[in-house]
Amino acid sequence: MQSFSLVVFCTVSGDETRQRVKFTDERVCKSHLLNCCPHDILSGTRMDLGECTKIHDLALRADYEIASKERDLFFELDAVDHLESFIADCDRRTELAKKRLAETQEEISAEVAAKAEKVHELNEEIGKLLAKAEQLGAEGNVDEAQKVLQEVEKVRTRKKDAEEEYRNSMPASSFQQQKLRVCEVCSAYLGLHDNDRRLADHFGGKLHLGFIQIREKLDQLKKTVVDKQEKRNQERLKRREEREKEERMRKRTRSRSREHRRSRSRDRRRKRSRSSSRDKRRTRSRSRERRRRHRSRSRSRSRGHRHSHEQSSRHK
Ligand SMILES: [Zn+2]
Ligand SMILES: [Zn+2]
């Protein structure tokens, strides 16, 4: 019973982990989802990288392809990071191979130069010995001159060997080495003396083409990232402008209503002041009336018949 449940548990948990991992998971290779992981592209070549450290799963890629149609997941950024570091590694390797090649060529040319130098030295030695023999002969020292000439023959033999060594060293190593080049795309060595077939095999081979594919994909991804970032920035800017516009509108309506309130109170104040001036006017008119009345009264004192009329009008 116990073993049975254990088996069930194992199979279920295996399926569950597979189901639990979503394509958005950190552990999933984003380059694989975008179909450009170098581990996929270079598999089976001389530079097979083995298994990727992150999860590769075609079902997850299918999930991603469906989801990416509805929303922008921006996985290109991860893929650019991944491919950029991979290509940087490759370019570093190319530079190193070129440097090593140049150093080897230098070593070889130093070796060849040393051999040529040896021939020159022996040549000079022969010249000097011959001159010495001639001098001895001229001095009548024939025996000594003969000895020197024998010496010359020995040096001549040594020179012949040195010349042969020099000639042999040239085509054997240095000549071949100097014709080697490093492929800038995939960092493989190319020989200028490779025949057409071999060159065609290289440039049409999975390794070289795989590197072209990765480099092109990287360029394309970089452009996509730049485009998307620009689009995002513009959208953000647009949103901000809209927000600011809304804010301005809100402020304006708020201030307008405040102004409305203010103007209303101003009206009220104006009304009040107007009424006070009216009051003043009223008092002024009253005093005028009083003065008039006073005048008429004084007049009525002299003209008694108007007095009664004036009195009756006031009682009205
Ligand atoms: Zn991968
Ligand atoms: Zn190549």
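## Spacing of the zinc donors

The residues that hold the zinc ion (ligand 2) follow the sequence pattern C-x2-C-x15-H-x5-H. This is a predicted model, where local features need pLDDT of at least 70, side-chain atom pairs count only at pLDDT 80 or more, and totals for chains, interfaces and linings use all residues. Residues are numbered from 1 along each chain as its sequence is written, chains are lettered from A and ligands numbered from 1 in the order in which they are written, and side-chain values use heavy atoms, with hydrogens and water left out.

## The zinc site

Which protein residues are donors of the zinc ion (ligand 2)? They are C183 (SG), C186 (SG), H202 (NE2) and H208 (ND1), at 1.9 to 2.3 Å from the ion. Donors are N, O and S atoms within 2.8 Å of the metal (3.2 Å for Na, K and Ca); water is not among the atoms, so sites may look incomplete.

The site is tetrahedral, with angles of 101 to 125 degrees among the four donor atoms.

H202 is buried, at 14% relative accessible area. H208 is buried too, at 6%. Buried means under 20% relative accessible area (1.4 Å probe, protein chains only).

S31 sits in helix α2 (residues 30–33). Helices are DSSP runs (H or I, at least four residues), numbered from the N terminus. S31 is buried, at 1%. Leaving out residues up to four places away in sequence, S31 touches C36, C37, A79 and H82. Contact means heavy atoms within 4.5 Å.

K115 belongs to helix α5 (residues 76–138). K115 counts as buried at 17% relative accessibility.

Methods. Tetrahedral: all angles 85-135°; square planar, octahedral: opposite > 155°, others 65-115°. Buried < 20%, exposed > 50% of the residue type's maximum accessible area, 1.4 Å probe, protein only. Helix = DSSP H or I, 4+ residues; strand = E, 2+ residues; numbered from the N terminus.
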